[in-house]
Amino acid sequence: MKHKIAIVGFGGMAGWHYDEIQTIENLEIAGIWDIKEKQRNHAADMGLHVYEGLEDLLADKTTDLVLIATPNDVHKPVAIAAMRAGKNVISEKPVTLSSADLQEMIDVSEETGRFLTVHQNRRWDEDFMTVKKILEEGKLGELFRLESRVHGSRGIPGDWRQEKEHGGGMILDWGVHLLDQLLLLFADVPLYSVYATVTHVTNQLVDDGFYTELVFENGVSAMVEVGTSNFVSLPRWYVLGTDGTAVIEDWQLNGKIVRASGVDEKDVMPVITAAGLTKTMAPRRDDSIFTEPLPEVKSDVREFYYNVMAVLEGREESLIRLPQVMRVMKLMEAIGRSAETGEVIKLRL
Ligand code: NAD
């Protein structure tokens, strides 16, 4: 079955969707609408149909799907208008700016019977899929600590991402990806507490980075950090289990797993430093550990669209479930509250 998609907001990310859709059978672009003339002309130059406005786009009976790739504050009103006009909706991330706003969108989805989903494409990033596989295979023994970071060094891009009213800031921009990934790893384990700080190194209006410590009810702790003034990047993932440690350095998947071989290590040679000696912090003897490459994973981000089409045809359940999206939204709110008050937020999420 063929699906036609109409795109609202034809900026940077819409270009990415355009390229993706060209490679997907049974999906084609019906047309676009953007408030900027420059972007409309750009689309027309690419041979795309340009609607006369949002109403014109929503009145197009040939489309069953609307993709919203506008700044974050515009997702909700367009999504609601689209669902009321009988369209199914893919919203770019973050779906909206608050859990109350998301609830309104979910209510309209239920009331109209239209499908609402969110482009959480980084579920298909290979670094995340690798961590998931390591944990599923139980390679590290019992997990007790996980760290997930992304670091840039140029501050926030100088567009709407710097403006609070448009849903700017790094919690909403990158946090939404990293927290979505993390919570998927703890799908059945309630989150117990949240502590967070934000940075304002380059920007006073919105956070240009954040750090959060999460504790789950099973005692596992996790750290998520987004930085935009980091000229030296720390590893993308650092995963600690009782029998081993995994590190994924970057998106090129440099990294390794180091595991205990089971050989006894009673006779540890102390490390002598300039000012003392330590056995506790001495490195492992070579025969007591072994190093493995990271497991291989295969990713195809087009699965997102294949799944959307399958949902519309009644063949599959949505991979991106709205309760998951709501959980992430509530966590981002708790991060904001903790950063503002300096307090640990206790919750059962
Ligand atoms: P952008 O500024 O490049 O593009 C946004 C476009 O929306 C602009 O062309 C603007 O004119 C248009 N627009 C603004 N208000 C509009 C309205 N009311 N109606 C129609 N068009 C309107 O921004 P971007 O980088 O493309 O980001 C767009 C969305 O995509 C954001 O929600 C962002 O978070 C998301 N995004 C997602 C990813 C991802 O990996 N999933 C990556 C980048 C951006």
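1. Start with the second largest pocket: helices α7 and α9 each give at least two residues to its lining. Helices (H or I, at least four residues) and strands (E, at least two) are DSSP runs numbered from the N terminus. Helix α9 contributes the most, six residues. A pocket is, on a 1 Å grid over the protein atoms alone, an open set of points where a 1.4 Å probe fits, with protein on both sides within 12 Å along at least five of seven lines; lining residues have an atom within 4 Å of a point.

2. Before going on: this is a predicted model, where local features need pLDDT of at least 70 and side-chain atom pairs pLDDT 80 or more, while totals for chains, interfaces and linings use all residues. Residues are numbered from 1 along each chain as its sequence is written, and side-chain values use heavy atoms, without hydrogens and water.

3. Back to the pocket, which holds about 510 Å³ of space. Its lining has 19 residues, with Lys164, Ile171, Leu172, Asp207 and Gly336 nearest the centre.

4. Now look at the sheet: nine strands, open, with mixed pairing, in the order β15-β12-β11-β10-β6-β9-β8-β7-β16. Two strands pair if DSSP finds at least two bridges between them. The edges are β15 (289-292) and β16 (345-346), each pairing on one side only.

5. At the β15 end, β12 (residues 255-260) runs antiparallel to β15, with four bridges. Ala260 sits opposite Ile289 of β15.

Note on methods: Grid points are joined across faces, edges and corners, and a volume is the space filled by probe spheres set on the points.
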